[in-house]
Amino acid sequence: MTKDVLYQHVYNQLVPLLKKENPLLSKLSTIVALLHHKMNGFFWTGFYLLSEDHELWVGPYQGPVACQYLEKHKGVCWTAILNQKTIIVPNVHEFPGHIACDQRSNSEIAIPLFVNQSIIGVLDIDSKNFNHFDNIDAIWLEKILQILD
Ligand code: SME
């Protein structure tokens, strides 16, 4: 199955599960569970969420234990938040300020999470493969997160 077809399946499965009235935590947990187990090469899949004092703390995730807190304003996730746009990193070791929660990660994508048009965090996915993520991932992951906006 191509990546496009896999994402289409994940998307179709998510739409009826992510009911508007459901608690946000339930919806975020379901998104990471499905993505992590259905997509290929996802080593770590999870959310970092902004707290009231604008700090980034780990939210629902799947994969190895991750950094609980991301130092301001360093690394891939903060860059996605501050620019309010998706960041694709083909080689994390070349990204200035990259925060390595697990040395085995080699590429990464971070997508801002908007709820009611406000940014509340970021969906972050790591792969052990270099250059794992491309525009197809960006388009589908943004489309998935749009279900929550
Ligand atoms: N690499 C991220 C930190 C989170 S972990 O990848 C799970 C960053 O630079 O923001």
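The model is a predicted one, in which local features need pLDDT of at least 70 and side-chain atom pairs count only at pLDDT 80 or more, while totals for chains, interfaces and linings use all residues. Residues are numbered from 1 along each chain as its sequence is written, and side-chain values use heavy atoms, with hydrogens and water left out.

Apart from neighbours within four places in sequence, phenylalanine 95 is in contact with Gly75, Val76, Thr79, Ile87 and Val89, contact meaning heavy atoms within 4.5 Å. From leucine 34, phenylalanine 95 is 61 residues away in sequence and 28 Å away in space, C-alpha to C-alpha.

Polar contacts (pairs of N or O atoms within 3.5 Å) can be followed one by one. A polar backbone atom of cysteine 77 is 2.9 Å from a ligand oxygen. A ligand nitrogen lies 2.7 Å from a backbone N or O atom of isoleucine 99, and a nitrogen of the ligand is 3.0 Å from a side-chain N or O atom of glutamate 108. Of the 310 Å² of accessible area that the ligand has on its own, the protein covers 99% (Shrake-Rupley method, 1.4 Å probe).

Notes:
Polar contact = N/O pair within 3.5 Å; in protein donor to acceptor, adjacent residues only side chain to side chain.
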